[in-house]
Structure formats: C-alpha cells, structure tokens
Amino acid sequence: MIGLVDGNNFYVSCERIFDPSLEGKPVAVLSNNDGCVISRSQECKALGIPMGAPGFQLKQSPAYSGLILKSSNYELYGDLSRRVIATLCEFTPEVEQYSIDEAFIHVNCSSGTDYFEYGKRIRETILKWIGIPCGIGFARSKTLAKIANHIGKKQASGVFVMPEDPRPVLEVLPVGEVWGVGRRLAPKLALLGIRTAWQLAVADECFLRTKFNVTLAKTALELRGCSLFEQENPEELSKSISCSRSFGRPVVVLEELSEAVAHYTARAAEKLRKEKQCATGVNVYFQYYPEYAPTALPGGFTGTTVSFDAPTSETAEMIRTIQPKLRGIFLPGRRYKKAGVVFFGLESGENRQMNLFADPDRMEKKERLSETVDSINRRFGRGSVFHLAEGIKRPWTMKREMLTPCYTTSWNQIPVVK
C-alpha cells in the first residue's frame, strides 16, 4: 500500500506553530521578493484570494484589510519539513519525499491492518510532535494515493483509503484533477471524450501512448491500481546541483553581480560537500529585464561555462576560477533581475580525477578549511562564517520585509519563554 502525506497549507501552518495569534485569521505567504501568494490559510481562501495573487495589490485593497501577509521563510519551512520526514520514518523505513510538503510512504503492513486507523495515528503524531496538520491518502498506486489524499484533506478525519474498486471515486473526478494531467492536457482529452478520471483509466493504453506519450499511458494504468511509477532512491546522488535567486531590486553593476554569484557558489558548494561530491565545471548565468525606453530591448539571459582545473568542492577555488569570467558576460546598461550557478560533471570525492601538477597537501588543507566552515555554520547558523567575496551588506538580496524569525535554525532567533 502506498500513502501520500501532505501538509495542509504547509507554509502558513509553519508560521502558525510559533505564532498562535495567526490561528483563525486569513494568512498568506508570498513568493520570492514578496511577489505573489504561494500559500493560503482556509480563511484566506474564503476571501476569494487566488494562488498567484500579487502581494502589492492585496496590500492596497481595502477589501483585504484584515489579511496578514508573510515573507517566505524557507529556512524554517525546510527544517520543519525534515522533522515531518523524520516522524514518518518512525512508522515506516520507506519514505520518499516528493516535495517540501509531500511524501510518499510505502507501507507493508500485515493483512487485516486498518489503514484508516493507521493513517489517523500518523496524522495525530505529526500534529502533536511538530504541529503541522496534514492529509493522508492510501491506495495501491501513487496516482490513486494522490487522489485519496485530495479527498482525505477535505474530511474531518484527514484520512481517506481508496476502496479496492476505485471506479465510484474516479467517475466523479474531473480528468484535470488527476496527477500529471493538469489544465493544458485536460481540454485535449475532453475533445476525445475523456472527461473523468475513470474514462482515462479505461482508455486504450496503446492509443494514449501513440496520441500523447508513455507517461499518460502509465497514468491510466495507475488509475486501475497498477503501481508503475518507480520509487525514487533517496541515496541516489544528484546529477547536477544549482543555486539561483531573484534580486530584491534591479542590479546594474558588476560588483554586486559578482557578490551574488560568489554567494550562490558557496551555497551550491556546501550541497556538493554534503553529498561528498566534486564538480568538474559550472554554468553561470545572469537574467536581465526588458527595456522600453529610450529604446525597446528584449529581456534575456547571458552566461558562460567555466571548467575547473580538477574536480573540486572547495568554495574558494571555485570563486577564484569563476569571478574573472563574469566581466565577459556582463552587459553594461542592462538591469539584471536574477543570477544563478549550475554545477555539472559531478564525481565522487573519493574517486575523482586529480590534477597531476596539484599539491595534494595544499588541496587537503583547503578541503579541511571548507569542512570547518560548514561545521561552524551548522552549529551557529548559516552565514556565521562566509567568504568576503560574497559581500557584507548585500543590497541585492531577496526582499523579505515580512520575514518571521528562523525559530529552529538560528541560535539568536530561538523563541524565549518569559
């Protein structure tokens, strides 16, 4: 049996854990740079505020004067997500995290197990230990578990177990609600007479594969209860590692772009070291805004590929290699909105190809230095120690004017009981 555990209004629920005054009030969490709504409380949904609504419009509208807006606190959300996954591991060793607020659990219980009661225990434990309300759906495939979860979240128990014969459920479910179909594909299916999930389930597999793709054919079989979407291996190493952010305001000078790239390089290199991997090279890019006056110019990207002398995960070496290349992709007079780095050619740090002319003792010292920096930042909070190339004031950083404290990941922001 496969279960899908999904946190209800996850970002808002995280905010409410440490601020009980938000309970019962309309709350919305905004995207990067306090842009658009990406998470809503039930009270916010009742006001008719859609996902993606611009934050500045909500602030200006008198109709939403009681709405509470919050900036995205990804550090807090990520830590609470890890705690939810750790709690799920108390119930089953096979936990497959799908997103920050969703995870599939693969359960092999003895025959006669009441999955409804089992799901209620999981839900009650997560709510008691962490404070996150969630919905849980059980079924024989991931696609059916998604549907079961969607139903469970709307019920008082928060749990739904898909019956052995899912037909009654699928016959009333619009095909656009099926995982992997969505709004774009649904109208095309409707033209072929496939308007419900059950009609997709009984559609001819060969026809779906020929007319659309193999993924849709697998989805149809999953709706029949055949588990075809493979379980991801959490131990599998990344094929590439990236880090990018939008700026809090337009950036026009190379120095600030260099600081941003150095900062993103340090973050991505930390991920590399966590996986005990090294990168052979990196793609660096800037994204710039379109211009309308005095001359109309389209927006776009500029970038370059940088190869390292030898596979490395050492931050200082990466920054030293990347920064001289940035002037070549800088377009004077353009306003930049985003920058990013993507490391490629990842190798195991133990089996990497070494530079024949490199000093092994010097390389080992550099690696130990990076590991020490990581250790300090883990203990005292990210950013406690950083490279000067990342900048100090960082005026380009993402705008988060309504940011709550990082209650669980920063010693200086731990709540104080008085």
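**An enclosed helix, a sheet and a buried residue**

Helix α1, residues 10–18, is largely enclosed by the rest of the structure, because 7 of its 9 residues are buried. Buried means under 20% relative accessible area, with exposed over 50% and partly exposed in between, using a 1.4 Å probe and protein chains only. Helices are DSSP runs of H or I with at least four residues, strands are runs of E with at least two, and both are numbered from the N terminus.

A word on the source. This is a predicted model: local features need pLDDT of at least 70, side-chain atom pairs count only at pLDDT 80 or more, and totals for chains, interfaces and linings use all residues. Residues are numbered from 1 along each chain as its sequence is written, and side-chain values use heavy atoms, leaving out hydrogens and water.

Back to α1. Which residues of α1 are buried? They are Phe10, Tyr11, Val12, Ser13, Cys14, Glu15 and Arg16. These pack against β1 (2–7), β2, β3, α2 (42–46), β4 and α4 (74–88). Contact here means heavy atoms within 4.5 Å.

Now the sheet. It is open, has 3 strands, and runs in the order β3-β2-β4 with mixed pairing. Two strands pair if DSSP finds at least two bridges between them. At the edges sit β3 (37–40) and β4 (68–70), each pairing on one side only. Strand β2, residues 27–30, pairs with β4 in the parallel sense over 3 bridges. There, Val27 stands opposite Ile68 of β4.

Last, Ile136, in strand β7 (residues 134–139). Ile136 counts as buried because its relative accessibility is 0%. Beyond residues up to four places away in sequence, Ile136 touches several others, including Leu4, Val5 and Phe160.
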